[in-house]
Amino acid sequence: MILRTITLLILALSFVSAQAHGPSRQKVTQEIKINAPAAKVWGIIADFCAISVWHPAIAKCAIEGANGVGAQRTLRVGKVDGPQILEELQTYDAPGMMYRYRILKTDNSVLPVSTYSSFLSVKDNGDNTATVEWRSGFYRAYAKGNPPPELNDEAAVKAVTDVYALGLANLKKLAEK
Amino acid sequence: MNYAAARQSLGTGLLILLLWPTVRVASATPFAFATNQGANSVTVIDLANNRPLKNIPVGQAPAGIAIERHHHRIFVTTPAAHAISVLDAGTLTQTNIIAFPDEVLGIAADPVRDRIYVADWNGNRVVVIDTQTLHTVGTFTTGRTPAGVAVSTAGDRLVVANRDDNTVSVFDLGTNELLAIRPVGRAPFGVTIARDGSEFFVANVRSDSVTVVNLKSLRTITEIKVGDAPYAIAHNPARARLLVTNQQSGDVSIIDLTRHLTLAQLPVADYVEGIDYDAKLDRYYVASWFENTLTVIDGKTEQIIARIPCEDGTRAFGKFILR
């Protein structure tokens, strides 16, 4: 019982609310050109919770609400009972093939960020190819000064960059099949 | 003109003035100074023609900015570098670096005294620096995570937004006493004081609102709904307007101050941050952190009239126009 309480406490601490943060927002922008029609690429990512299908690092996704503004998805990273990330759709533009979402709660062991918001969009290049852009603004998770290396600005940028690179590469692979 | 600039002019003669007349800041023309977080620079913009003149290299990840007119100095906070970069407005170069033990962000110049006020993000205090000696001459104890700071035109009041306390601290700069701590919205960030010192305005990031507070009675007048995650505020007294940058919705809320309501949300760009207003040109200037621009909004039509390219990560948090 005590052990269970301690475990829950640790879980509660690691699944942190994304509120306090460092003083300087960071940005990450990544693009990938995909040799497939834009509509096909959009079809793969259009469902907010389809990220568990197209992103190799997301083992499971559960959604609350319809696929539109306000919908919240809970991601499990790595494995189905892995660290959790809670995200919310801020805008959803199907004709424009883009959406914006924010992180409500994250786990600093996999994504040490705060006040994270990102855009995912598909651009039709007009020649049966598409360009997908994934970009975001966020702060490091560590709110106080002199953060430890695993929670500093560089660590936050690297974590997001790695997530984008892995996801976009796999999206290209799936779309070009 | 300050001493260093005067000496340079005398030393090198008229040639410099003839060759590079535009790179020297003349008092007749207004200039904007925009901090670029990603590029570690400050872009100097000639507001007569909306053209960037120069990018001045400064410390790592510049954010806040204040313009000190007595010594023609520009102070730029570089939180990641735990320092302030001091620029000479005459030569447009970095002349000094003031080191801090911690991260500093919000900054404001005293219009009356030779002082700047710097918010110590982690230290729950505002540090007072003498702008002539560049030495610390005092501190004010604030709430948690002080963000935006503002000084009244008369130099009698200092207002500090305590981001993680959801309050503002108001200080009397004559007696150096804390007058009041007042609750505002959630996560207050940018603070702007009305030119006549009658009231001040606070952008509340997490409650998507602006709080209007009477600076005499220190009572809250109203709280106005704006866009998503408001950051900073420009006040235009002649037109009774507040323009508020909204980081997450990427737009600017236009508030009618006589009726205390939002008239429109003008789309600008992703992550708009710093904003300032020039009364003579009747124009607002908005820094766009994701688009690396300074957007110009006409005061009369309230429409965008220009987008001036800056360098990566334009923030310009503070009052950044030199006239």
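Here are legends for a few close-up views of this predicted model.

Before you start, residues are numbered from 1 along each chain as its sequence is written, while chains are lettered from A and ligands numbered from 1 in the order in which they are written. Because the model is predicted, local features need pLDDT of at least 70 and side-chain atom pairs count only at pLDDT 80 or more, while totals for chains, interfaces and linings use all residues.

**View 1. The partners of β4(B).** Two strands pair if DSSP finds at least two bridges between them. With β5(B), residues 73-78, β4(B) pairs in the antiparallel sense over four bridges, and Ala66(B) stands opposite Phe75(B) there. These two strands make a hairpin with four residues between them, and His72(B) in the turn has a positive phi of about 55°. With β28(B), residues 317-318, the pairing is parallel, over two bridges; look for Ile65(B) opposite Gly318(B).

**View 2. The whole open sheet.** Step back and you'll find five strands of chain B in the order β7-β6-β5-β4-β28, with mixed pairing. The edges belong to β7 (93-99) and β28 of chain B, each pairing on one side only.

**View 3. Leu218(B) in its loop.** Leu218(B) lies in the loop between β18 (209-214) and β19 (220-225) of chain B. It has 16 C-beta neighbours inside 10 Å, so Leu218(B) counts as partly exposed. Leaving out residues up to four places away in sequence, Leu218(B) touches Val170(B), Leu179(B), Ala180(B), Arg182(B) and Val213(B); contact means that C-beta atoms, placed from the backbone, lie within 7 Å. Ser198(B) is 20 residues away along the chain, and its C-alpha atom is 9.9 Å from that of Leu218(B).

**View 4. Where chains A and B touch.** Chain B brings 16 residues to the contact and chain A brings eleven residues.

Technical notes: Buried ≥ 20, exposed ≤ 12 C-beta atoms within 10 Å, placed from the backbone. Contact = placed C-beta atoms within 7 Å.
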